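Subject: Structure handover and notes

Dear colleague,

Please find below the structure that I promised to pass on to you. My notes follow it, and I would be glad if you read them with the model open beside you.

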Amino acid sequence: MSKEKSLPPELEPSHYIEKVSLVTGEVLDDEIQPKNLLVGNHRDYHLADVQARRFMSRLLKATGDEELVREKMKDLRERGHRASEMIAKAIGQRDPSKVSKALFGLKRKEYYFRYRKPPVSHDEIDALLAEMREEAAERLAAATVDGRPALRVLLTGGTGFVGQEIMWQAAHDDDIAEMVVLIRPKVIRDRKTGEVKETLTPADRGEALLRRLWLDTPELADKFRFVAGDVEQPHMGLADDELERLRASLTHLIHCAASVAFDDPYEKSFRANVTGTLNALAFSHSLQSAEDSPFIAHLGIETSYIHGRQVKIVAREEEVVFPRNFYNNYYELTKAMASIETERFIVEKRLRVVELCPAIVIGESRAGNNRGDAKVVNAPVNVFGRAHQALSKPKGTFVDRSSAAMIAKMACVFPGDPSAEMNLIPVDRVVAGIVAALKKPGAMGRRIHLGTDNRLKSQDITEIVREEIGVDVKLADPTLHRNVTLPVLTKLLAGVKQERLGNALEKLGSIFGSYTEWGQPVHEVGRDVEILGLSPERPNTRYAFRMLCRHNRYVQDFGQVRDLDEISRREKIWWDFCMDLEGLTGGPVGAVSAEEFQRAIAESLDLEGFVHK
Ligand SMILES: NC(=O)c1ccc[n+]([C@@H]2O[C@H](COP(=O)([O-])OP(=O)(O)OC[C@H]3O[C@@H](n4cnc5c(N)ncnc54)[C@H](OP(=O)(O)O)[C@@H]3O)[C@@H](O)[C@H]2O)c1
């Protein structure tokens, strides 16, 4: 029996999703396994499918026209089906679908998935949202002291990448009177033996956070309080007396905690992302329902990738539809399920909620600071940086050196199509949106994308990586890479005692490769400006990505500097250096060329000890 069959009933995908017959339009009673909802489960199952995808990839590279490629793929499939019908007739097989499946790996799509949603009319929703906005405006006015809002916010996920920026911006925002941060204890284990070395309490973790965020002066630190909790537990694991205290004072909950691992199994992602969200929503609902509670709203941090692989239509802010081309991983799927739960709380329980959906979040826009984050786009940049370091100075005989050089070339291959577009957005812009939403009654009941309108293509990314870290990453056909190159490369690297690098590359290709294939979603943006009042000029993504590469190279040594206190020390120096350079050049540092930037580094920073010269 497969693992997925033994899921506890409350985790069943069929709570959220139904399978519908394309022939009759009826809802089918079949079991839905989580893996059925992922892209990976619907490809590479037949040699002919692998070949067809390779061909399409090459065609896209030659023409750059995704629509044309989709049409060709459709045409090819139709031809396959027609040929199968003829062959079936000739060999006396009554069911041509058996022939098309066996010979060409073709399956006629007989069903699609869709979300189960509460049945409400647009008029009902409009009336509900208008009421919510009015209530939120009244409550915001009531939370005003001396003409300014005095907001009291509970934050989950404060130790994370986005959460730390929320704390930093909150510290410098006079409208936020108090921020309570919910933190779980952290067990520190020996990296080699796995033995528990110590357990950090929420108070220890809070103190470290303030120090690393440069907020440990009384005037800034006094705004913060740290409480123990775990979002996967009922009432978010908060102690009873703390619950009472929060009920009497909180104006908002920002629910930012999640598991952002693209390779977590379904059940783990579900518990962190869906159960965690349900507990947070129930907590906010209890606040909203409590008499005399000053509660204004719940802010749910989602992701614009809840739209999955939605290729033909723009992924709209307004609604989530089940993506025709499925999800890349369980992270996206469970975040989408959490968003459906959030909609239910809005519609069925009238909870005042703002749903905020960041795209792929990268370091801060001016200097690239990311407080040690090594996830998502940082991972490939760091792995290629390390591969370059490990393999570009080979030792040994001429033969050893030549084989290392050859492997170095092979290692710097990434599955992807040059035209695939990624939506990268700096963390300071994302958090500006989150903080603005605290004060915007008009945002109630809205789903708002915090993404960019200047998306980067894979080919722009490889170009910047080449200029900034000297690595010539070649984009390879994703199907060929998955099925042939990667297994061979992993073996070769093991042969030259670079197993760790081999594993890192394998993980990288399988986890992140799906984001650089063609057919990426295009996320609508606009409400960040229209509703939240953010600047219509979104950060320049080319500059921000350049700063990510520079930061990860010099500050993080491609992920090898792991001590968060050391990262914090370096980031302060880095920030000052970047601001000085901005002053000198009179423009953003991201606009400075790679050579000029390296010259400035050599003049101003001693990289050995990472100090100003
Ligand atoms: N990073 C991105 O590119 C991105 C893009 C779009 C949306 N988002 C969304 O933004 C939010 C924050 O992401 P991030 O990048 O900051 O993630 P992150 O760096 O991995 O941080 C996750 C945070 O959630 C906390 N957390 C996880 N499970 C918890 C639990 N059971 N109880 C209490 N706290 C728990 C973690 O606490 P510990 O320190 O104890 O582990 C950590 O503070 C998430 O909702 C994510 O889906 C992120």
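**Around the ligand**

By class, the shell around the ligand is made up of 13 nonpolar, nine polar and six charged residues; here Ala, Val, Leu, Ile, Met, Phe, Trp, Tyr, Cys and Pro count as nonpolar, Asp, Glu, Lys and Arg as charged, and the others, Gly among them, as polar. Before going further, please keep in mind that this is a predicted model, in which local features need pLDDT of at least 70 and side-chain atom pairs count only at pLDDT 80 or more, while totals for chains, interfaces and linings use all residues. Residues are numbered from 1 along each chain as its sequence is written.

Of the 28 residues around the ligand, the ones that come nearest are Thr159, Gly160, Val162, Ala257 and Ala258, a residue being near a molecule or strand if its C-beta atom, placed from the backbone, lies within 6 Å of it. At least two residues of the shell are supplied by each of α5 (161–171), α9 (266–289) and β14 (360–362), and α5 gives the largest share, three residues. Helices (H or I, at least four residues) and strands (E, at least two) are DSSP runs, numbered from the N terminus.

**Overall build**

The protein has 20 helices and 22 strands. Its radius of gyration is 26 Å, close to the 25 Å that the globule rule gives for 613 residues, so the protein is as compact as a globular protein of that length; the radius is taken over C-alpha atoms, and the rule is 2.2 Å times the number of residues to the power 0.38. Taken along the principal axes, the C-alpha atoms fill a box of roughly 85 × 65 × 50 Å. Of the 613 residues, 43% count as buried, where buried stands for 20 or more other C-beta atoms within 10 Å of the residue's own, exposed for 12 or fewer, and partly exposed for the range in between, with C-beta atoms placed from the backbone.

**Domains**

The protein is divided into domain 1 (3–114), domain 2 (119–363 + 428–450) and domain 3 (378–423 + 454–612), with bounds that come from an automatic or database domain assignment. The centres of domain 1 and domain 3, taken over C-alpha atoms, are separated by 35 Å. Eleven residues of domain 1 are in contact with twelve residues of domain 3, contact being counted if the C-beta atoms of two residues, placed from the backbone, lie within 7 Å. Helix α1 (residues 47–63) provides the largest share of the side of domain 1 that touches domain 3, namely seven residues, and by class that side has three nonpolar, two polar and six charged residues.

**Strands**

An open sheet of three strands runs in the order β2-β1-β3, with antiparallel pairing, and its edge strands are β2 (27–28) and β3 (111–115), each of which pairs on one side only. Strands count as paired if DSSP finds at least two bridges between them. Strand β1 (residues 17–21) pairs with β2 in the antiparallel sense over two bridges, and Val20 has Val27 in β2 as its bridge partner.

Strand β8 (residues 186–189) and strand β9 (residues 196–200) also pair in the antiparallel sense, over four bridges, and Val187 stands opposite Thr199 in β9. The hairpin of β8 and β9 has six residues between the strands, and Gly194 in this hairpin takes a positive phi near 80 degrees.

Leu281 is found in helix α9 and is buried, with 23 other C-beta atoms within 10 Å. Leaving aside its neighbours within four places in sequence, Leu281 is in contact with His298, Glu341, Thr342, Phe345 and Leu351. Leu281 and Val353 are 72 residues apart in sequence and 9.0 Å apart in space, C-alpha to C-alpha.

Most residues other than glycine have a negative phi. Phe558, however, has a positive phi of about 55 degrees although it is not a glycine; Phe558 sits in the loop between α18 (541–554) and α19 (564–585) and counts as buried, with 21 C-beta neighbours inside 10 Å. Phe610, likewise other than glycine, has a positive phi near 45 degrees; Phe610 lies in the loop between β21 (605–606) and β22 (611–612) and, with 16 C-beta neighbours inside 10 Å, counts as partly exposed.

With best regards
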